[in-house]
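Subject: Structure handover

Hello,

Here is the structure I said I would pass on. Please open it alongside this email.

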Amino acid sequence: MSNHSKAKQPVSDRRKFILNMAKGVGYAAVGGFLWSAYLDEAEASPLVLRPPAAIAEKDFLKTCIKCGLCVEACPYDTLKLAEPGDHKPIGTPFFTPRDIACYMCEDIPCVPVCPSGALDEASVTKNGKLDINSAQMGLAVIDENSCVAFWGIQCDACYRACPIMGQAITIEYDQNKRTGKHAFLKPVVHADACTGCGMCEHACITEKPAIFVLPREVAMGKAGSHYIKGWDKKDESRLKDAHAIHTTTQVSKKKAVDKLNAGLEGLLDE
Amino acid sequence: MSKIWNNYRYLILRRFVQIGILVLFFGANAWGWKILEGNLTSSLLFGKIPMSDPYAVLQMVVAGAVIASDLLIGVGVVALFYFLIGGRAFCSWVCPINMVTDSANYLRRVFDIDRAQLERSPISRNSRYWILGLSLIVSAFMGIAAFEFVSPISMLHRGIVFGMGFGWAAIGMIFLFDLFVLKNGWCGHICPLGGFYSLLGKFSFIRVHHIEENCTLCMKCKVVCPEKQVLHMIGKESLPILSGECTNCARCIEVCDDDALRFSIRDLIQNKKTGE
């Protein structure tokens, strides 16, 4: 009965307006959800190597305007802008060392051209001069299982390809107990000097490179402030960031015997 | 020949400008030309003058990025140009998607698809403003410039300059959508960048004016206009086209055989009189 009388009434303009607004909000909610879900996936690719002086990845993604000026400035065609289908955050610059590594130009042409500050000149400036050796594009990691130098076969391709030879990669000698008369010449990467340029990855002789560059965030662990090298003055400065964590545990006021007998009341009654 | 020029002069000029800009960008990347470097999101003119997409930077601001001074100057240059002079001219004179949607629109006319699809449009032309607002909300929540990660406009111009990848798929979808689903679907209903420039360019000086005394009501202008709601005064009143949704593409001017439409500078005194 009430339905019948409602049907006869004209729908008021106010009601129409409110319902139309609500419809818009509904569309926006669905669209916003799909859009956000896509973005969440699209920005989550931790294995991208950025140009030198790139700020932290999370800030990089919101700051880079995707103009490609760094790509155009690169004289070696190292840098590329991610295309749809590259499975990297679309339009952002990256490089693939196995194809073309970073040649670590002394004047770092890709950095000063950046209009947005996604490439931060200050982070590669030392004593008022550009210093490509302070770049932190990534960190070379060695898979000792597939590196033939660890098998005992002589190869120092990565060591010789390294632009900071003798600092970022050194060769360590070891005894080859299998033959008893040969030496291992094992490459070792030093994280404090390695810039992640990828010349080693490019030069590696194995089918799939046994030495490869990963973003530092991915390649490195973090000791935290619980562990400090007490014999190293510089390392002790990290104690400044240390903070105590206070935990409180509620101590039971009951006697231990009561605790042991707890829950048996019902059983004892019977 | 002169008739062809007369009927297509602005179209030819627009294609010249659109393709010219892309060629300059392409040349900068491929051969190191120093005329116009970068792409449509952010660029450098003659190695000195920065230009940046104000909508992209607005999304970055909302996402919480620190905006560098170069970008702010670039935004100033572009925003001031469209605000004072160009209006929504970006859409018809610069944006490369315009060539995709114009060709879809042309084919719609050739195959007479419009007449077969007379039902009411399923999407409102105001959707673009909703999507514009939504893009800012999503940018704020996700902490990245939301539209820049899905923009087919960027995919196209960036693709032409730096490599296309699967970007063709997005362009193809827009073409098919405009051709078979909705007339002027992308540019006239959905694109938030178009919506942004509609709002930004609302008060610009270059306007198309209608001279009612010359009008013979042939309605050719309404056939070619991609935003025909802006031509509401045709045959009724001599008025400038003041809607920000007019892209200043000037197709109406060149198809008009009676000189009833022409470009002119916004007449501020007349506006006061008509109360617009």
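Below are notes on each chain, on the domains and on the contact between the chains.

Please keep in mind that this is a predicted model.

Overall form

Chain A has 10 helices and 8 strands. Its radius of gyration is 30 Å, whereas a compact globule of 270 residues would come out near 18 Å. Along the principal axes, the C-alpha atoms of chain A occupy a box of roughly 100 × 75 × 40 Å.

For chain B the secondary structure consists of 14 helices and 5 strands. The globule rule gives 19 Å for 276 residues and the radius of gyration of chain B is 19 Å, so chain B is as compact as a globular protein of that length. The corresponding box for the C-alpha atoms of chain B, again along the principal axes, is roughly 55 × 45 × 40 Å.

Domains of chain A

Chain A is split into domain 1, residues 47–136, and domain 2, residues 138–217. Taken over C-alpha atoms, the centres of these two domains of chain A are 25 Å apart. In the contact between them, 12 residues of domain 1 of chain A meet 16 residues of domain 2 of chain A. The domain 1 side of that contact in chain A is made up of 8 nonpolar, 2 polar and 2 charged residues.

Domains of chain B

In chain B, domain 1 covers residues 2–199 and domain 2 covers residues 205–274. Their C-alpha centres are separated by 24 Å. Here 22 residues of domain 1 of chain B are in contact with 16 residues of domain 2 of chain B. On the domain 1 side, at least two residues each come from α1 (2–31), α3 (69–86), α4 (89–94), α10 (185–190) and α11 (192–200) of chain B. Of these, α1(B) gives the most, with 7 residues. By class, this side of domain 1 of chain B has 9 nonpolar, 9 polar and 4 charged residues.

A helix pair in chain B

How do α2(B) and α7(B) lie relative to each other? The axes of α2 (residues 54–63) and α7 (residues 127–142) of chain B come within 7 Å and cross at roughly 40°. The two helices, α2(B) and α7(B), are therefore oblique to each other. The crossing of α2(B) and α7(B) is right-handed. From α2(B), the residues involved are B:Gln59, B:Val62 and B:Ala63, and they meet B:Ser135, B:Leu136, B:Ser139 and B:Ala140 of α7(B). That contact between α2(B) and α7(B) has 4 nonpolar and 3 polar residues, and no charged ones.

Contact between the chains

Chain A puts 30 residues into the contact and chain B puts in 45. Which helices of chain A supply at least two residues each to the side that touches chain B? They are α2 (13–42), α3 (57–63) and α4 (69–73) of chain A. The most comes from α2(A), with 9 residues. The side of chain A that touches chain B divides into 13 nonpolar, 10 polar and 7 charged residues.

Regards

Notes. Residues are numbered from 1 along each chain as its sequence is written. Chains are lettered from A and ligands numbered from 1 in the order in which they are written. This is a predicted model: local features need pLDDT of at least 70, side-chain atom pairs count only at pLDDT 80 or more; totals for chains, interfaces and linings use all residues. Domain bounds come from an automatic or database domain assignment. Two residues are in contact if their C-beta atoms, placed from the backbone, lie within 7 Å. Helices (H or I, at least four residues) and strands (E, at least two) are DSSP runs, numbered from the N terminus. Ala, Val, Leu, Ile, Met, Phe, Trp, Tyr, Cys and Pro count as nonpolar, Asp, Glu, Lys and Arg as charged, and the others, Gly among them, as polar. Axes are lines fitted to C-alpha atoms, for helices over the stretch in contact, and angles run from 0 to 180 degrees between N-to-C directions. Angles under 35 degrees count as roughly parallel, over 145 as roughly antiparallel, 65 to 115 as roughly perpendicular and the rest as oblique. A crossing is left-handed if the near helix is turned anticlockwise from the far one by less than a right angle, and right-handed if clockwise. The radius of gyration is taken over C-alpha atoms; the globule rule is 2.2 Å times the number of residues to the power 0.38.
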